[in-house]
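Please read them with the coordinates open.

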Amino acid sequence: MPSFVFAGVGGQGIITVAIILGRAAVIEGKPVLMTELHGMAQRGGKISVEVRIGDYKSAIIPSKTADAMVAFEELEAVRNISKLKEGGMILLNRRRIHPVSLTIKQQNYPDQIVESELKKYATITVEADRTALELGNKRVANTVMVGALFSTGLLGLDEESIIAAIKESLPERHWECNLEAFEEGKKLVLEQSAKAI
Amino acid sequence: MAYDSLLGRGGRTEFLLGNEAVGRGVYEAGVSVAATYPGTPSSEIGDVLYQVSDKMGIKFEFATNEKVALEIAAAAATGGLRSFVFMKHVGLNVAMDSFVSLAASGVKGGMVVLSADDPSMHSSQNEQDNRFLGKFAKTIVVEPSSPQELKDFVVSAFDLSEEIGHPVLVRSVTRISHVRTPVKFGEVRGKNEWNYKKDTSYVLMPENAYRAQAAVANRLDRARKSNRSKFFNRIYGDSSTLIVTSGAAYNYIDEALQMLNVKARVMKIGLSFPLDQDGILKEVELAERVVFVEEGGPFLEEQVLSICALRGINRKFYGKLNGYVPMSYEMDVDRVVVFLSEIYGIEHKQTYGGPVLPNREPVLCPGCPHRATYYVAKMAMKQKGLRNVISPTDIGCYTLGYYEPYQMGDFCFSMGSSVGSSSGFTMSAEEKVVSFIGDSTFFHGGIPALINAYHNNHNFVLVIMDNSITAMTGGQPTPETGPPFKKVDIESVVRGIGINNVFTIDPYDLKSSLETFKKALGTEELSVVISKRDCALEADRKKSPSEMKVFQINQDKCNQCYNCVRNFSCAAFYTEDGKVFIDSELCDGCSVCSEPLVCPFNAIEVKE
């Protein structure tokens with residue numbers, strides 16, 4: 001019964017990713033819960049989505065019990081880290097979106113806090129934005145992350161159901177590049193694991 | 001279309017947001033007429049109905065405000081049609097006058113009012129618990145816990161409403177309306193025929209209203225005794241500890257008990273008013289102690305305690321009223337574990353406290369016309385030597401003008417409150433008053449206050465930030481939306497009141513907007529600036545690929561004056577080691593920052 005936190009900034013396609021996984025679970029007849037918080041801003045605000053696959057009633061994941069976090073932005077990864085269980089995995093898209101409150105004061109991005117916190121967990125870097133750009137469509141970065149998460153084996157879902165869920169969730173003209181992004185995401189994690197061994 | 005799957009046959013299962021499940025529920029229930037004013041966390045119900053109500057055979061509309069929406073539904077119910085009105089919790093305050101009358105008059109066709117409450121105020125000005133408003137108005141109150149129940153309870157609420165002839169308030173919360181989960185469809189019912197007969201109970205003048213009070217009491221009593229009421233409540237578990245719970249709070253109980261390795265008998269109340277008094281008392285009598293776990297105020301707790309007092313039943317009670325259960329904010333498993341561990345006398349480890357992080361405040365989108373409006377308004381005030389301007393603001397994306405660097409939000413209570421409060425500030429203060437309101441909010445609650453201001457000779461500047469859409473709730477139409485709707489023109493409305501000092505600007509044109517603002521600020525009577533430019537997200541949807549461009553900072557020209565980041569402060573800017581950059585992923589290409597009024601060194605250029 002795995003639980004996942006998705007963290008990032010409005011506009012990164014995080015809710016779509018969670019919906020794809022939810023639909024894949026439904027295809028397999030598994031119970032699933034998803035909850036999202038996105039505050040007041042349409043774009044640029046902090047976003048967190050929680051997904052629990054299994055027989056739960058609470059959509060909100062209790063502290064320190066999430067199996068993995070899929071982070072689309074570095075600072076937001078750290079903001080949601082208290083949800084992650086000890087030894088939990090972080091899939092980190094190397095993307096920094098500077099909070100306006102820092103920029104107004106001409107302050108740098110808080111790299112040091114981010115690095116020191118992420119070090120405490122098994123963090124796998126996924127260059128989702130870069131991979132998406134290489135595929136020629138920056139909007140598929142979120143699907144790269146789906147592929148990466150699938151590769152970890154934590155989802156407990158079949159590849160076919162995820163592919164079916166991608167098709168169910170996106171218009172047909174976007175299928176090809178998203179399926180490609182999914183494949184690339186899978187590879188990114190497999191390559192890293194291979195290096196680790 | 002995205003929501004066509006909601007038209008599927010009974011027995012199907014779809015992965016749905018709670019609010020989407022409501023859309024399916026009203027279809028299943030055979031609703032004929034529905035209306036709303038958009039408000040988070042209820043907005044997606046309207047998005048569903050806006051798209052597929054025709055296919056569902058439902059006449060649906062976005063009304064100018066919640067009171068109008070409620071009256072639309074109430075009229076439909078007088079003739080036997082099933083009708084539905086829904087809103088965010090504070091929207092029910094707007095509809096309250098007619099809501100109370102609705103309960104007094106009763107209904108012929110089933111009528112359901114859905115309120116989506118927002119415990120923890122994720123996107124609201126308060127976390128009021130509208131179950132209290134339902135009881136206050138003397139409607140029936142029903143509380144689901146999950147998206148599936150939200151759909152099923154809406155359908156059953158219509159049946160109960162029609163059986164008793166009384167309106168039902170369904171109370172959802174953010175963590176039901178905004179939870180996605182598989183939802184199983186039921187069968188779609190037929191619709192009622194319009195069968196209108198004149199009836200004095202809808203005319204609440206004193207003599208009829210007097211009679212209505214006795215009828216209300218009678219209907220509530222019948223609701224309490226109805227067999228349908230059994231459908232809403234559940235009880236399970238074997239323990240001398242009884243937990244009385246409801247709504248989203250219920251979802252956290254089982255997991256918390258499991259974590260603490262303790263047992264309880266759980267009584268989940270779905271029909272929260274009028275309560276099944278006998279059924280509940282029977283359980284209380286069997287228990288040694290009773291714990292109340294609910295989100296919002298002590299709604300069930302107060303009712304159960306008063307019944308116990310009347311029947312002389314005493315137990316150990318734990319709830320909000322004696323401080324065991326927190327009075328505010330939404331529940332989750334972690335919070336429930338904390339107070340249950342205290343009640344059960346179990347030691348519980350403190351949870352992890354994370355590092356202190358820079359906050360990420362909500363921001364106006366890159367390209368948002370509101371940013372340009374705030375920027376020139378502030379500049380105009382400075383150039384006119386106006387310090388300490390008082391700036392009431394209102395409910396919408398532009399509320400974000402409250403944050404640095406604009407800091408133009410000194411008063412914000414409710415929809416339309418910018419205009420009424422501006423009159424009050426003008427009467428009381430020596431400072432200049434410049435207030436801000438959006439187009440949809442202006443139509444919703446600003447117009448009566450503006451008439452008041454004009455009629456009473458109040459002198460302030462009202463800025464109507466007109467992006468021609470209800471942006472913050474996801475882009476619903478407004479009275480300015482064109483065919484098939486009749487388009488209402490804001491400037492004509494304002495001039496129609498009699499106001500002469502009306503200035504319409506394009507905020508992207510900083511130079512001329514600045515001059516206009518200075519003129520408006522120099523006017524010695526009420527003036528209105530209409531700052532008109534489409535919402536950037538909407539404009540982006542219409543852009544062709546050739547119109548897509550992004551900007552960058554030419555570091556050779558940049559003088560590091562920081563005006564762009566300090567005062568214009570687009571979310572696409574960032575700094576590193578003192579240098580300013582533009583995040584090209586975020587840049588909207590609006591080009592406003594490249595104007596000399598933002599960058600006097602012409603350092604902001606199109607990125608090739």
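**Notes on cavities, strands and backbone**

1. Six cavities of 30 Å³ or more are present in the structure. This is a predicted model, and the points below should be read as such.

2. H18(B) supplies the largest share, with four residues. By class, the lining of the largest cavity has 13 nonpolar, five polar and two charged residues.

3. The second largest cavity holds about 100 Å³ of space. Of the 14 residues that line this cavity, B:Cys558, B:Cys561, B:Tyr562, B:Cys564 and B:Cys599 lie nearest its centre. Its lining divides into 11 nonpolar and three polar residues, with no charged residues.

4. In chain A, look at strand E4 (residues 66-71), which is mostly covered, with six of its six residues buried. Strand E1 (residues 3-9) of chain A runs parallel to E4(A) and is joined to it by four bridges. Within this pairing, A:Phe4 stands opposite A:Ala68 of E4(A).

5. Strand E5 (residues 84-93) of chain A also pairs with E4(A): the two run parallel and five bridges join them. Here A:Val70 stands opposite A:Leu91 in E5(A). Between E4(A) and E5(A) the chain passes through helix H2 (residues 74-79) of chain A, in a β-α-β crossover that is right-handed. When checking side chains here, recall that in a regular strand they alternate between the two faces of the sheet.

6. Is B:Asp588 buried or exposed? With a relative accessible area of 11%, B:Asp588 falls under the 20% cut-off and is therefore buried. The residue sits in the loop between strand E21 (579-582) and strand E22 (604-606) of chain B. Leaving out residues up to four places away in sequence, B:Asp588 touches B:Pro366, B:Gly367, B:Tyr508, B:Ala536, B:Asp540, B:Lys543 and B:Lys549.

7. Two cis peptide bonds in chain B deserve a look. One joins B:Glu404 and B:Pro405, with omega about 0°; B:Pro405 lies in the loop between H13 and helix H14 (417-428) of chain B. Another cis bond runs from B:Pro483 to B:Pro484, with omega near 5°. B:Pro484 is in the loop between strand E16 (461-466) and helix H16 (490-497) of chain B.

8. For B:Lys138, which is not a glycine, phi is about 70°. B:Lys138 is in the loop between helix H5 (131-137) and strand E6 (140-142) of chain B. Its relative accessible area is 35%, between the 20% and 50% cut-offs, so B:Lys138 counts as partly exposed.

Notes. Residues are numbered from 1 along each chain as its sequence is written. Chains are lettered from A and ligands numbered from 1 in the order in which they are written. This is a predicted model: local features need pLDDT of at least 70, side-chain atom pairs count only at pLDDT 80 or more; totals for chains, interfaces and linings use all residues. Side-chain values use heavy atoms; hydrogens and water are left out. Buried means under 20% relative accessible area, exposed over 50%, partly exposed in between (1.4 Å probe, protein chains only). Two strands pair if DSSP finds at least two bridges between them. A crossover is right-handed if, with the strands pointing away from the viewer, the path from the first strand over the helix to the second runs clockwise. Contact means heavy atoms within 4.5 Å. On a 1 Å grid over the protein atoms alone, a cavity is a set of points where a 1.4 Å probe fits but cannot get out, and a pocket is an open set with protein on both sides within 12 Å along at least five of seven lines; lining residues have an atom within 4 Å of a point. Grid points are joined across faces, edges and corners, and a volume is the space filled by probe spheres set on the points. Ala, Val, Leu, Ile, Met, Phe, Trp, Tyr, Cys and Pro count as nonpolar, Asp, Glu, Lys and Arg as charged, and the others, Gly among them, as polar.
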